[in-house]
Amino acid sequence: MDTQSLQAFLAVADTQSFSRAAEQLHLTQPAVSKRIATLESQVGTRLFDRIGRRIALTEAGSVLLPQARSILFTVEDSRRALANLSGQVGGRLTLATSHHIGLHRLPPLLKQYTQRHPEVELDLHFLDSEQAYQGVLDGTLEMAVVTLAPHPYVQLHVVELWRDRLCFVCATDHPLANQPQSHHKSTGHKGLSLAALCDYSCVMPGAKTFTGSLIAQRFHEAGLQLPVSMATNYLETLKMMCSVGLGWSLLPEKMIDSELVELNVDTAPIYRSLGYLVHTNRTPSNAARRMIEQLEKMSQQSRH
């Protein structure tokens, strides 16, 4: 089996389309079809069922899929290890980050990195943290800088770089903002209870996101259910919805400005971890090594 045929097989399997696979591989559709036909000839069975416009893996295709990923992963890793021997920092670095980190944490680092390493082709993807984890796991991403999962993954090397304190906030004209104990710097008050917050609608990160599940867990432990009226995975959008009065929310400390009031809530601080992750079985490229060095240096500087 040649790697080009396997790449075409994975592209069709992932996109469920010969035309989209062709776009992804920068090939013509007949060229992709020819590579699939070659692979089917080599393994002696059909790998895809073509039902009208729909493409689906056959049973044989489903068996081959994880093996094909593993083969290409190993080939790519070998190429990277050999390229590293030259000591040059170049080639493509496929990096994912979340929108929030990409906007609020990475711009100075990325500017410095591209100036220091102009030979590196930075392939930057903005993804939800959960998607980024999957991309590093399946080898389509070399590394990711995202919100870290609350539970470990055996196949991943995960390093915390920053801790975000999540603050309870509402709009300046929200009913909660007018309560004297709602201001974080006020003294002599225990603060609002979690139950009191639940009397008002909130806007939150999606329930399946790492941040959303972290928040939901705190309320679940108190025997409460969040009264979510709207949800979005984009914190900038969440801030906008909160600032116009659609509900109270929890946002990273760095995002609080004059449009929001921080609420003093009687509960332990809620933190989320931000950091980078790479696959434990993957040899990092020289480009990835330099990126990791800069990230860790930046993290150390922010702590002092």
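This is a walk through a predicted protein model, from its overall build to single residues. Residue numbers start at 1 in each chain and follow the written sequence, and side-chain values rest on heavy atoms, with hydrogens and water left out. Because the model is predicted, local features need pLDDT of at least 70 and side-chain atom pairs count only at pLDDT 80 or more, while totals for chains, interfaces and linings use all residues.

Start with the whole protein. Its secondary structure comes to eleven helices and eleven strands. Both are DSSP runs, numbered from the N terminus: helices are H or I with at least four residues, strands are E with at least two. Along the principal axes, the C-alpha atoms fill a box of roughly 75 × 50 × 30 Å. Of the 304 residues, 45% are buried. Buried means under 20% relative accessible area, exposed means over 50%, and partly exposed lies in between, with a 1.4 Å probe and protein chains only.

The accessible surface comes to about 16000 Å². Carbon and sulfur atoms hold 50% of that surface. The areas come from the Shrake-Rupley method with a 1.4 Å probe; for residues, only the protein chains shown count as cover. Charge is next. There are 28 positive and 28 negative side chains. Lys and Arg count as positive, Asp and Glu as negative; His and the chain ends are not counted. The centres of the two sets lie 3 Å apart, with each charge placed at NZ of Lys, CZ of Arg, CG of Asp or CD of Glu.

Now go inside. The largest nonpolar core has 22 residues. Such a core is a set of buried Ala, Val, Leu, Ile, Met, Phe, Trp, Tyr and Cys residues joined through side-chain atoms within 4.5 Å. Leu93, Met143, Trp162, Met291 and Leu295 touch the most other members. Two or more residues come from each of strand 3 (91–97), helix 6 (107–116), strand 5 (143–147), strand 6 (156–171), strand 11 (270–279) and helix 11 (286–303). Helix 11 gives the most, with six residues. Look at Leu93 in detail. Beyond four places in sequence, Leu93 touches residues including Tyr113, Val120, Leu122, Met143, Ala287, Ala288 and Met291.

Strand 3 also holds Thr97. Thr97 counts as buried because its relative accessibility is 0%. Its side chain reaches the backbone oxygen of Val145 at 2.8 Å. That is a polar contact: a pair of N or O atoms within 3.5 Å, where within protein one must be able to donate a hydrogen and the other to accept it, and residues adjacent in sequence count only if both atoms are side-chain atoms. Among the other residues that Thr97 touches are Gly102, Leu106, Leu124, His125 and Val146.

Ser249 is buried because its relative accessible area is 0%. Its side chain reaches the backbone oxygen of Val203 at 2.7 Å. Ser249 also touches Cys167, Phe168, Val169, Met204, Leu238 and Cys242. Leu238 and Cys242 are among the buried residues of helix 10 (residues 235–243), which also include Leu235, Lys239, Met241 and Ser243. Just after helix 10, Gly245 takes a positive phi of about 95°.

Turn to the loops. Pro150 lies between strand 5 and strand 6. Pro150 is exposed because its relative accessible area is 53%. Beyond four places in sequence, Pro150 contacts Phe210 and Ser213. Its C-alpha atom is separated by 8.9 Å from that of Thr211, 61 residues away along the chain. Gly223 is exposed, since its relative accessible area is 64%. Arg218 sits in helix 9. Arg218 contacts Leu194, Thr267, Ala268, Pro269 and Ile270. Ile292 is 32 Å from Arg218, C-alpha to C-alpha.

Most residues other than glycine have a negative phi. Gln16 has a positive phi of about 55°. Its place is the loop between helix 1 (3–15) and helix 2 (18–25). Gln16 counts as exposed because its relative accessibility is 51%. His26 also has a positive phi of about 55°. It lies in the loop between helix 2 and helix 3 (29–43). At a relative accessible area of 73%, His26 is exposed.

Methods. Contact = heavy atoms within 4.5 Å.
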